[in-house]
Structures are given as C-alpha cells and as structure tokens.
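Notebook open, viewer loaded. I want to go through the chains and their contacts and jot down what I find.

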Amino acid sequence: MNIISELINDRFMIAAVLLFGLGFMNLLLQKNLIKKIIAFNVMDSAIFLFLASQGYINGRIAPIITNGILDSEVYINPIPSGLVLTGIVVSVSVTAFFLALTVRLYGIYKTVDFDEIMLLVDKEAE
Amino acid sequence: MNTEIGFFKRLNDWVNGDEDRIFPSKNEYDSPELPEPPVAKSSLPNKDILFLSSYQVIAITVVLGLVFVLLYTVYKLPLFGVADNPAVNEVVERYVEKGLEETGAVNVVAGMILDYRAFDTLGESSVLLLAITSVMMLLLRDEKNIDPEEDLITEHEAVFEDQSRDVILQNVTTILLPAIMLYGIYVILNGHLSPGGGFSGGAILGAGLILYATGFGHNRVRKFFSMKTFRALTTTALLSYGLLKSYSFLLGANHLPTHIPLGIPGAIFSSGLIFVLDICVGLIVACTMYGFYAVFSRGEI
Amino acid sequence: MLPFYYNIPAISILLCMIAGMIMPLLPNGKVALRVAMGVSAGVALLSAILMINIIPVNEYFTYMMGHFPAPWGNELSAGPLEAMIAFIFGLVMFLSLVGGSHTIFYDILPGKQKMYFTMMSMLLASLLAMTYTNDIFTGYVFIEISTIAACAIVVARDTPKTIGSTIRYLTLSLLGSGLFLIGVVLLYCITGHLLMPNIQEQVLRLVSTGLYTVPLTVVAGLLFSGVAIKSALFPFGGWLPMAHGGATTASSAVLSGLVLKGYIVMLVKIFYRVFTIDVIRDLNVTNIMFACGLAGMIYGSIEAFREEHIKRMLAHSSMAQIGYVFMGLGLDVNLGVAAAFLQIMVHAFVKPLLFLCAGRLSEVYDHEKSSYRLRGSAHKDWIAGIGFTLGAMSMVGIPLLGGFTVKYYLVTSAMMNPAKLWPALITLMISAVMNALYYIPEVIAIWTRCELCTPNPVDSNRGFDWIAAPILSAATLFFGLNGYSLIQLIQRGLALL
Amino acid sequence: MIIALELLLIVFLFICAIGAFLSERLLIAVVIFMSYSLVMSVIWALLQSPDLAITEAAVGAGVSGILFFITLKRIHALKGTKDE
C-alpha cells in the first residue's frame, strides 16, 4: 500500500522518466525521420515535465502576484517555469532545422528512411 | 471479397484512414502516376522482430538501463509537491518577495527570465535566429536546391489556389483573424502582468499570419510582409534586444544604475525594460514562425 | 566601477552575438567575411589584454550579467585558464577564416555566404560562453546554440553527402544535449541552485551528510555522457568523420580544432567548480573517462589508417586526439589534467593547420581529395606542403613540436599513478606508431613528384590566405619549445578553478 | 479527485506517445503528436504554470504541428488528400 501511494505521489516524475525513455529509444531506433523528430520532441517535453513538476508545491498558486501578497509561502517555485520556457523555444528551433534537413534529403533521395538514406549517402561520391 | 475482418483490424484500418477495407468501393481519387507515399515501413529487407540487430539490442539495453537508473534516482529524490524540497530556497524567496520591487513585473516568471536570468533568454533568442537562418540556408530556392517536378506542382497549385479560393476558409479567416491578432498583441503587451509574454504571444501572431497566408494566398501576405520587411523587422528587433540587454548587463556588472523607470507595478507601461524586451521578442518570434512556414512551403518569403 | 578588463568576457561574447545579428544587413559575403574576421581578431586581442592583466597576479573573478549577484542572476567567471582558452579560440577562428576564405567562396553559394558567417560568429560566441559561464543552465543554452551552428556550417556546402552526414550529426547531438539537460535538471532538483559556486556548496554538504549520493552519481554520469557524445569520445564518435570530413575547409578546421574542445572545457569546469575534482574521483567517473579515452585512441588511429580520403583521415585522427584528452583527464593526477589542457591547446592549432593545408593541397589539384591522387601536390604550393609536414610531424610526436610536449607530459603524469601506468603507456605507444604509419606515407606522397598526375594551374590571385599556415606552424613550434612554462601556467589556472 | 484527473491525463499522454510511434501513416502520427502536446499543456495548467501552458499550446500544438504538416506535404506523405 505504501508503495502504491508513493507511486501515485510521484506520478509526474515517473511518467516523465518513462516518456523520456520512450522518446530516447525511438530516437535511436525509429527508421523514419519524421518519427525520429516526434521522438525527439517527446523526449524533450518529458524532461520539461520533470522539471515543471519539481516546481509544483501542493496548495500554492501560480507565481503571479495577486492582491499585493508578497509572501513566498503562497506561490509555487517560478524558476522551473522560466527554464522550461527557454527549453521549449530551443526545442521548436531544433525541430524546424531537423524538418528542413528531412525535406532536402527527400528531395535528393526520394525517401525518408534513415537507414536507406545512410546507405545511399555512404555510396555517394565526393 | 473477405468480409470477415476482425474488429481490431477494422479499428486499426479506420485509424489509419484505410476506408477501402471497411467500405470496399472504387476509389475515384486514385492517381497512379505519383510515387508511393513514404509510410513508416522500410523498404529494406524487413527482419523479424525476434532477430534484432546488434545495434537494436544495444540501444534497447542502454535505454532500459538508463530508465531504471533514473527511476531509482526519482525514488531517492524529494517527494512531489512538498514545500521543503531543496529547490525552495533563498533564490525563490527573493524572486517572489523582492521581484516586484526590483523588476516591476507582476508575473514573477517574466521578471525572472527577462531580468534576473536575462542572459539565458538572450541565448534563446539567438537560437531562433540560428534556426531561421539555417532553415533558409537549406530550403531557399537556388541552383543547388532545384527540383523541376516539385516546382511544377507548386506552380500549378499557386494558379489553382488563386483561381478558386476556399470560401469557407476565407470567411472564417476574416472573422477569426482580428481576434487572433488582438489576442496575440494582448499576450505580448501583458507579458509582465499575466501569463504569456513575448514567446507565446509571438507564436500566436505568427500562427495568425500563417492562417491569413493559407486563406488568402502568399501573394496577399507578401504585399505587406516581403523578404525585405522580414529581414528588417527580425534584425531590428533582435539588434535592439541585444543592444538594450548589453547596456543593462554592462552597467549592472559595474554597479551603475540604468536610469530606466520601473513605473507603477500593475500598469501596462511598467517594469522598465521588460515591457520593451517582450515586444522585441514577440516580433522576433512572430517573424520567425511565419518565416518557417513560408520557407518550408515555397522556399521563399 | 570595475577595472576595464573585468568586462572583457562579457564584451567578447556580446560582440560575437551582435556581429552574428548584423550579418543579414551587410551587402555581400566579402564584407561579412571581413566583419567575422574582425570580430574574431578583436576577441583574440581582448583576451590577450585579459591574459596580460590577470596571469601575473593569478586572479580569478566572477562577473554579474545584470544587476543581481550570485544565486539570483547569471554570472560569468574567468581566470588565467579561461583567458588562455578564449584567446586560442579567437585566434584560431581568425586564422581558419583567413586560411579557408578562398574555399568558402568556392564551396558556398553567394546567397548563403552571409548566413554562413552568422553561424561562424554565433559559434564563436557559444564557444566563449561555454568557456566563461558560471551557470550550468546558460551552459545548456549555449550548447544548443553551438549544436545548431555547427550543423549549419557543415550543411552550408550543400552537397548530398554533407546533408546526409549532418542528419546523423544532429541526431547524435540531440541525444547528447538531452542527456546533458536531464543531468542539469536533476542537479537543480537536489541542490536548488544553478550557479556553480552555490551548487558546489550544496554538493559538498550533500557529500558530507551522505544524502542523495545516488542522484549525484547519476548526474555526474549524465553530464559526462552528454558531453562525450558531443565531443565524439570513442563509442559515440561515429558521426564525426563524415561531418568533419565533408564540410568546407574552414568549417572542418573550426569543428575539429575548437568545437569539440569547447564542450570538454565546460565539462572540466563543471567537474572542478561544481563537484570538485575529489568528489568526481570518488564517484569513479575518471575511470570511465580513462577507459573510453584509451579505446578512442586505438579506434581512431585504426580507422584513420584505413581511410583514403585525406580530410576524413584527419577527422578520424581527431577522434584519436580526443582520446588523448580524456586519457589525461582520467589519470587522476593534477598534472594529467594539465596535460589534457595542453593537448586541447596544441590540437586546436595543429588540426586547423592540417585541414587548411590539406584543403589547399587538394585545391591546387582541382579539388582532388584521395591521398593517392594528391602525389606531388606539395611542389605546387610549398607553403601548404611545409605546413602539412610540420603538422603531421607534430601529430607523430617529433621533439620540438607541440605534439611531443603533450605526449611527454602525459607519460610523466601516467608515471605518478602506478595503477594506470601500463595501460596508458602501451596505448600511447601503439597510438604513436599508428600515427606515424598513416601520417608519414601521406607526407612522402605529397612531396613525391608524379608525372602522370594532371596538375591544375594554381589560382594566381590567392590573396592573404597563405598567411594562416605559417602562423599556425609557428604556434605549434612555440608549444613545442615552451612546454614547461605552459604546463606551469595551466596548473596555476587549474588550481584557481 | 484532481489526482484521478491527473492520472487520466498521464495515461492519455502515454497512449498518445505510443500511438504516435506505432501508427503506420505519418499524418496520423503527427496528429497524435499534436494531441500529445495539447494534453501536456493541460497538465502544465494543472501544475500551476500558465506561462508554460500557453506557450506549449501555441508552439507545441500549433506552430510545430503546422511545420510537420508542410513537411509531410513536401515529402508527399498526405495520403487520401489531393496533395498525394
């Protein structure tokens, strides 16, 4: 019973770790480039979920000063939110770059299969 | 004709959009001359799932190991949602209790990312510049990036789109666009007062521009948002961001006051630089997002 | 008001970023090249001023980015070691741009040249920020900047091969930064800080109380493996040869010479300033570094030996050289870490020298890249020939050149740790022999006249390109002759970290 | 009660992630991924981070979804539409 209540209590962190593993594995194993990109996004947002869940404190509210209350006991930790905000923008930029590479590779080889592309690239003369 | 298809098979087909097997009929949209769409299956010899390659075995082992290690770490970490975890310390206290006085921002997160830890955010905006530059490097039309077949299709589509615009889309756009734009501007201008800020508001503005471009065609957008405007806006916003922040960094490090008034907390024109920076970031993000769309779909802005 | 030199780290980073931002406004690629060259020369000059000011007094300082001190705002920190590294980054970037400028305009389309120089400036900014940062999250942001910029300068050449190799490079880099990010997040969770000195305080407290030992070990492992993937340490280096070998000459020089090193410098800084080196040794991370380093030295050499394409051969050899760095870091003695830094600096000069000269040699033979077809090319351009020869000799470890000094100090520091002495010595010997086996035939080949080869007329208006190779060769000689004083300097800098 | 909702959302998150990787057609994978982002933004709203919720909804589910769709169009992977 104790284990289950602990599992439920740490639900976000456990979910984040499992999603991270899922994304990491698919980033390594998926052959399709589009799916690789989705895997990368899943992996990154899992890390962000982990970080955001670290900032949450039961019973406190979002860090926007309301009614002039300046007591840090009232609001949750604002730092994880700020870090995740930075992270989201980085991840969408990388996604765009990755997609652009995919489009160009499709234009050259007419496929989006990573292994096939790598075979063809290795055969390519300088 | 095989009518005995299992329920899950049919569900799977339905999810995948294969209606043929559920409602067998002649598909009138068949166009055999185009290449087979790339589905997720590889055309390489497909190995049985039981005989994984050594690379797959290594990858799966590594990932499983990593996940177990991380789960064990989570078990050792402080509990979720309790107030006495190590992350709640004097840093958080000052951000919340002095933030309003020192940065003038009611939204503590905005105060943190644009004033306390502004160097990270400057880096983040440069990432956007790098992303749009590298995408343009790859996808802009030039002599190494030419596909006559692709160009023909794009040209046909452009003609087709100009002749028969989608009425529903256009009317919906006319109704929705002002609301979207207004909301984006609201989110940007209230970045220091309410949730949101430059990044989310900029993304909303960018999405609005994209909607306009899909509804009314690229040429309508290009009348007021050409490559020149795009370049001027992005560079000006980014440069003023960089210069303003450099000014504040250098003066701050030398313990000099910046002489920027913080205004009355809660008013729209308050919190000093944060207000201006939010506008700059909003412009950068909006231009970048529309730039991504335009370069991806046509290879030009 | 602080003395001026305190502002130099911040000014050099901001200068590079702003230069990157104004590139789109410049009229053409030639002007952009001049701006990029000016900025990197300026960074080198500023860092030299910083060195002159802080090396004699052995000063280490932190610098607030903004109005808020340590646990609240971002900070930079700099000391003699950082100043030296920054000077080398600026100088080598300048020389690579000078030496590769001719090929840049040949390889990259006119419309994309300005974008290329944006990338180069941003890359330099990110390298400097990684060197100077006192904040691990800033470190993560700039790691991502350098990832995108590095991939973009590879893909700028826009051939099918470079695009294909970039996608492999990007995938692995993303895995690396994912691991690094989750390490940073876990570290924040257990310490509650992002600034290095504050984290160190908490880490020492955690170590003394025995709390969170497992998370701490996991964090060290994650940060290490993230950086190992990005700096192409042995099991993760598969992406490097294709990406570095296929890019235009200046990109290859910068990537092999500087970018790989930037991550390692940051890792060492994190290990010293966040965990303290004793904790890292207790956590056994150094043993993993040592083992991976040795394996990388052998593997890189074997692959280089089997390679025909001259630039890819140099790229494989970079993998072996990164192995030397990690071996030095893993030796568990302070002299070993200093030797690793000396290797970082020497290799930062030698590898660009080799890449620039190889690029020039292939250019005089109509962009021919295979070793076999380059026979006699040194007679067409004797400056590049001599530069290549000197670089290769340094790699092999001929005395009076930089490579020899590094090997000497690596052996000396291995002697101090009897447990790791024999594996280190044997691997160093095998690697040196392998180096000789693939570099010396190459040198003989380029000096052997060949009647059958069809030489291409040399481009007459070469400009000032040739000036880079002599300066880089002189630096290699300098490192060879001043090994002792440099090692002393590096050790003093490390003690201040 | 709120815990039950959160658990439900987490389960949904897993279904979306696994579904995106298993679906054979790329268009469907992308649509499922967009719903993943949307669920994520709801979770962030529940975790009292409205800034993240807005940004994720606008960027994750909006703009990056659009980028995925255009890419699919460019690689001719939109089966069943006129772009095929």
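This is a predicted model: local features need pLDDT of at least 70, side-chain atom pairs count only at pLDDT 80 or more; totals for chains, interfaces and linings use all residues.

**Chain D**

I started with sequence separation: of the contacts in chain D that join residues at least 6 apart in sequence, 40% link residues at least 24 apart. A contact here means that two residues have their C-beta atoms, placed from the backbone, within 7 Å. Residues are numbered from 1 along each chain as its sequence is written, and chains are lettered from A and ligands numbered from 1 in the order in which they are written.

Chain D holds three helices and zero strands, and reads α-α-α along the sequence. Helices (H or I, at least four residues) and strands (E, at least two) are DSSP runs, numbered from the N terminus. I get a C-alpha trace of about 45 × 25 × 15 Å along the principal axes of chain D. Of its 84 residues, 58% are buried. Buried means 20 or more other C-beta atoms within 10 Å of a residue's own, exposed means 12 or fewer, and partly exposed is in between, with C-beta atoms placed from the backbone.

**Chain C, overall**

For chain C I count 19 helices and two strands. Its radius of gyration is 22 Å, close to the 23 Å that the globule rule gives for 497 residues, so chain C is as compact as a globular protein of that length. (That radius is taken over C-alpha atoms, and the rule is 2.2 Å times the number of residues to the power 0.38.) The C-alpha trace of chain C spans about 75 × 55 × 45 Å along its principal axes. Buried residues come to 66% of the 497. I ran the separation check here too: among contacts in chain C between residues at least 6 apart in sequence, 80% join residues at least 24 apart.

**Helix α10 of chain C and two partners**

How do the axes of α3(C) and α10(C) cross? Helix α3 (residues 80-107) of chain C and α10(C) have axes that come within 7 Å and cross at roughly 160°. Axes are lines fitted to C-alpha atoms, for helices over the stretch in contact, and angles run from 0 to 180 degrees between N-to-C directions. That makes α3(C) roughly antiparallel to α10(C); the cut-offs are under 35 degrees for roughly parallel, over 145 for roughly antiparallel, 65 to 115 for roughly perpendicular, and oblique for the rest. On the α3(C) side, the contact residues include C:F89, C:M93, C:L97 and C:G100, and on the α10(C) side they include C:A253, C:G257 and C:V265. Ala, Val, Leu, Ile, Met, Phe, Trp, Tyr, Cys and Pro count as nonpolar, Asp, Glu, Lys and Arg as charged, and the others, Gly among them, as polar.

Next partner: helix α5 (residues 136-155) of chain C and helix α10 (residues 249-275) of chain C have axes that come within 11 Å and cross at roughly 165°. α5(C) and α10(C) are therefore roughly antiparallel to each other. Among the residues in contact are C:I136, C:I143 and C:V154 of α5(C), and C:L255, C:Y263 and C:I270 of α10(C).

**Between chains**

Which pair of chains has the most contacts? Of the five pairs that touch, it is chains A and B. Their contact takes 49 residues from chain A and 53 residues from chain B. On the chain A side, α4(A) gives the largest share, 16 residues. That side has 27 nonpolar, 14 polar and eight charged residues.

I then looked at chains C and B, where the contact takes 51 residues from chain C and 45 residues from chain B. α5(C) supplies the largest share of the chain C side, 10 residues. By class that side has 37 nonpolar, 11 polar and three charged residues.

Chains C and D do not touch, and their nearest C-alpha atoms are 16 Å apart.

**One residue: A:R11**

A:R11 sits in helix α2 of chain A. Setting aside neighbours within four places in sequence, A:R11 is in contact with D:E6, D:L7 and D:I10. I also noted that A:R11 and A:S53 are 42 residues apart in sequence and 9.5 Å apart in space, C-alpha to C-alpha.
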